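Me: I would like to learn to read strand pairing and aromatic contacts in a model. Can you take me through them?

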Amino acid sequence: MPNISLESLSDVKYPVVNIPAGEVELRDDRIKRTWTVKVNAFLLAQVPVTRELYGAIMRIEAGAAEELETSHVPIVNVSWHDAIRFCNMLSQHEGLQQCYSISDDGVSVSCNWEADGYRLPTEAEWQYACKAGTSGYRYGELDEIAWYQDNANGMSHLVGQKLPNAWGLYDMLGNVWEWCWDIYDADVYGTYRIFRGGSWAEEARGCGSTCRRRSHPTFRIEDLGIRIARS
């Protein structure tokens, strides 16, 4: 996979893949509903956002135990709101138009889908990119493509160490869950947002392209991170 160097961030964009237009069928097993979504062509990062990238953009100091060789593990313990702010700051760093408008109290967020800056993928974009033209629950054998409960030794791992999917995307399943833009079900769960992909702490059954989870946008946990997209 390509080198992800902070020193060259201004010259070489965070590595992204061109995802072609298409459509994807989503499903909600809770209410036994399926629906089809058309997906426009977009860009999606090859790997989850790393501690190195997040720390540099957000101007935070790495923890005392942070070592150079672990800086390319995914950032975790970030809320959905943290992810939104990170996307805007990364866009600003690279001279791109910010996608998100955030209210003064930080609660209300709207997205300009025409902006060229970084954003979270929609749920439909995420699942479509994860499947990469395949039809099964996973795009390969789980142990070959993902870090999960049975092989992760209770921790996250360097990004890009497992096999990618057919479109060159790494860690779409396992390693860390990834926030998406979408609200899960406003009538039942209010502002809860969706995250996808499974994690190092997840059982095998939770690491699949159609597995959906949700939580409050302020929620933070040690196996939930982000992956960035661009329109």
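Me: How many residues lie between strand 2 and strand 3 in their hairpin?
Reply: This is a predicted model. Look at the turn first. Strand 2 and strand 3 form a hairpin with 4 residues between them. Lys-32, in that turn, has a positive phi of about 55°. Gly-22 has Val-39 as its bridge partner.

Me: In what order do the strands of the open sheet of 4 strands run?
Reply: The order is 10-9-8-11, with mixed pairing. Strand 10 (212-215) and strand 11 (224-225) each have a single partner strand, so one side of each lacks a neighbour in the sheet. Strand 8 and strand 9 pair in the antiparallel sense over 3 bridges. There, Glu-178 is bridged to Arg-196.

Me: What kind of aromatic pair do Trp-80 and Trp-181 form?
Reply: Take the centre distance and the angle between planes together. Here they are 5.6 Å and 45°, and the pair is tilted. Trp-80 is in helix 2 and Trp-181 in strand 8, so the pair ties together parts 101 residues apart in sequence. Trp-80 is buried at 1% relative accessible area; Trp-181 is buried at 14%.

Me: Why is the pair of Trp-113 and Trp-181 edge-to-face?
Reply: Because the planes stand at 90°, over the 60 degree cut-off. The ring centres are 5.8 Å apart. Trp-113 is partly exposed, at 35%. Trp-80, Tyr-100, Trp-113 and Trp-181 form one aromatic cluster.

Me: Which ring does the charged end of Lys-162 sit over?
Reply: Find the charge, then the ring face. Lys-162 sits over Trp-147, 4.2 Å from the ring centre. Arg-214 lies over the face of Tyr-184, at 4.7 Å.

Methods:
Residues are numbered from 1 along each chain as its sequence is written. This is a predicted model: local features need pLDDT of at least 70, side-chain atom pairs count only at pLDDT 80 or more; totals for chains, interfaces and linings use all residues. Side-chain values use heavy atoms; hydrogens and water are left out. Two strands pair if DSSP finds at least two bridges between them. Helices (H or I, at least four residues) and strands (E, at least two) are DSSP runs, numbered from the N terminus. Rings of Phe, Tyr and Trp (its six-membered ring) pair if their centres lie within 6.5 Å; planes under 30 degrees apart count as stacked, over 60 as edge-to-face and the rest as tilted. Buried means under 20% relative accessible area, exposed over 50%, partly exposed in between (1.4 Å probe, protein chains only). A charge sits over a ring if NZ of Lys or CZ of Arg is within 6 Å of the ring centre and within 35 degrees of the ring normal.
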